[in-house]
Structures are given as structure tokens and as C-alpha cells.
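Here are my notes for you on this structure. Have it open on your screen and click through the residues as you read.

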Amino acid sequence: MARVRILQNEEAPAKSKAFLEKIEENGAAVLNLYRTLAHSPSTLTNTVKLGKVLLDQAELSPQLREMVILRIAILLGSQYEWNQHVPIALGAGVTQQQIDSIHIWPESEHFDKKERAVLRYADQVTLNIRATDRAFGTLHRYLSERSIVELTASIGYWGMIARLLEPLEVEMDEFAAGSAERLYGGKRD
């Protein structure tokens with residue numbers, strides 16, 4: 001059971017209610033995460049906006065981003081995040097074999113050198129905040145500086161999401177958004 005109420009639109013503060021309604025109007029799914037964040041209107045709006053930026057306006061490949069989100073979900077024990085992002089990952093080009101073996105990616109044959117560099121960096125940043133010079137140097141061989149910044153921001157963002165979901169014990173949604181567009185309502189500015 002959730003530790004804070006999952007607010008329906010009519011229960012939410014006015015600014016949150018308007019924002020939740022806008023999400024619905026844009027064709028997005030209103031997740032229990034959003035309904036939980038609705039207790040704090042500014043937290044809700046700015047958290048969702050940053051997620052939308054990382055999904056819609058990043059140079060970083062959606063496939064790499066989703067691979068990293070799944071890895072973060074495993075490392076931080078966020079079943080909610082995992083459930084929401086598996087369908088998105090599949091849609092972004094992550095294979096079922098990669099999903100099935102991402103918990104043991106160092107031993108898996110299903111990841112290429114670039115993906116391994118990204119996952120190593122994600123593991124280090126998620127667990128230690130810092131990355132070794134070796135991990136960063138390897139990553140830099142495959143990604144531009146812009147993509148590295150977006151990757152690092154993505155690791156921080158989805159790590160934060162897990163750190164909201166788990167201590168607040170946000171209840172699983174009865175559905176998976178299924179796509180990045182369903183999370184935030186399409187590619188609108």
C-alpha cells in the first residue's frame with residue numbers, strides 16, 4: 001500500500017490538477033507516480049518536464065537510454081520502473097535477450113562494446129556517484145560530449161525516480177505506458 005495517497009484529479013491541488021488534466025489531454029497515461037507527486041505541484045510539473053526533455057530532446061539513443069533505465073531499476077530494486085520501461089525498451093530496439101540478461105550484462109554475449117561502456121558507466125554512477133577515469137574514457141570513445149551529459153542526466157533522473165517510487169511505495173499501475181510518448185504525451189515542446 002502506498003505511503004502517501006495517490007491523488008485523483010479532483011483531490012489534487014489546483015496547479016497539479018491542471019497539469020494532470022493537460023497530461024491526459026496530450027494523450028499520455030497519468031501514472032500513479034504522477035498522482036503521488038501531485039501533492040507537490042512544483043515537484044510534479046518540473047519532474048515530468050525534465051523527463052520529457054530527456055526523452056524528446058536528447059541526442060542520446062533511446063535504445064541506450066532504455067537499457068540504462070532497466071539497469072537502474074535492477075540496481076535500485078524498482079519493480080515499478082522496470083514494469084513501465086520494459087515495453088518502452090522493446091519499442092526502442094532493446095532486444096528481449098538483452099532485457100533477460102541485463103542483470104548479468106558483464107557475462108552476457110548480448111551487448112556490444114558501446115553498450116558495455118554505457119552500462120559500466122551507468123553502474124558506477126548509479127552506485128558510486130563517480131565513474132572511474134577508465135570507464136569514462138571508454139565511454140568517450142563511443143559517445144559525444146552532449147550524449148555523455150544526457151546519459152549522466154538520465155542516470156540521475158531515473159535514479160531519482162526510483163528513489164521516489166521505492167520509499168513512498170507507489171503502487172504499480174494497472175497498465176504500462178507502452179511508449180515514451182504515452183509517458184509524456186508525445187513530442188511536444
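Predicted model: local features only at pLDDT ≥ 70, side-chain atom pairs only at ≥ 80, totals over all residues.

1. Residues are numbered from 1 along each chain as its sequence is written, and side-chain values use heavy atoms, with hydrogens and water left out.

2. Let's begin with salt bridges (a side-chain nitrogen of Lys or Arg within 4 Å of a carboxyl oxygen of Asp or Glu). How many salt bridges does a search of the whole structure find? The search comes up with seven. One of them joins the side chains of R3 and E169, at 3.2 Å from N to O. R3 sits in the segment before α1 and E169 in the loop between α9 and α10, so this pair ties together parts 166 residues apart in sequence. Helices here are DSSP runs (H or I, at least four residues), numbered from the N terminus.

3. Now look at how covered those two are. "Buried" means under 20% relative accessible area, "exposed" over 50%, and "partly exposed" in between (1.4 Å probe, protein chains only). R3 is exposed at 57%, while E169 is partly exposed at 36%. E169 has another feature to check: its phi is near 50 degrees, a positive value in a residue other than glycine.

4. Next, find R71 and D123, another salt bridge, with the closest N and O atoms 2.7 Å apart. R71 belongs to helix α4 (residues 62-76) and D123 to helix α7, so the bridge ties together parts that are 52 residues apart in sequence. Buried or exposed: what does R71 count as? R71 counts as buried, at 8% relative accessibility, and D123 is buried too, with 12%.

5. R35 and E24 also form a salt bridge, and their closest N and O atoms are 3.6 Å apart. R35 is buried at 9%, whereas E24 is partly exposed at 37%.

6. On the surface, K113, R120, R134 and R141 gather in a patch of positive charge. To be in a patch, residues need over 30% relative accessible area and no salt bridge; like charges are joined within 9 Å, and nonpolar side chains (Val, Leu, Ile, Met, Phe, Trp, Tyr) within 5 Å. The elements giving two or more residues to this patch are α7 (113-128) and α8 (133-142). R134, found in helix α8, is exposed with a relative accessible area of 71%.

7. Stay there for a moment and look at I129, in the loop between α7 and α8. Its phi is near 70 degrees, a positive value in a residue other than glycine. I129 is exposed, at 68%.

8. Last, the rings. Two aromatic pairs turn up in the whole structure. In the pair of Y157 and W158, the ring centres are 4.7 Å apart and the planes are at 85 degrees, so the pair is edge-to-face. For the cut-offs, rings of Phe, Tyr and Trp (its six-membered ring) pair if their centres lie within 6.5 Å; planes under 30 degrees apart count as stacked, over 60 as edge-to-face and the rest as tilted. Both Y157 and W158 are buried.

Note on methods
Areas by Shrake-Rupley, 256 points an atom, 1.4 Å probe, with all protein chains shown as cover. Lys, Arg positive; Asp, Glu negative; His and termini not counted. Charge placed at Lys NZ, Arg CZ, Asp CG, Glu CD.
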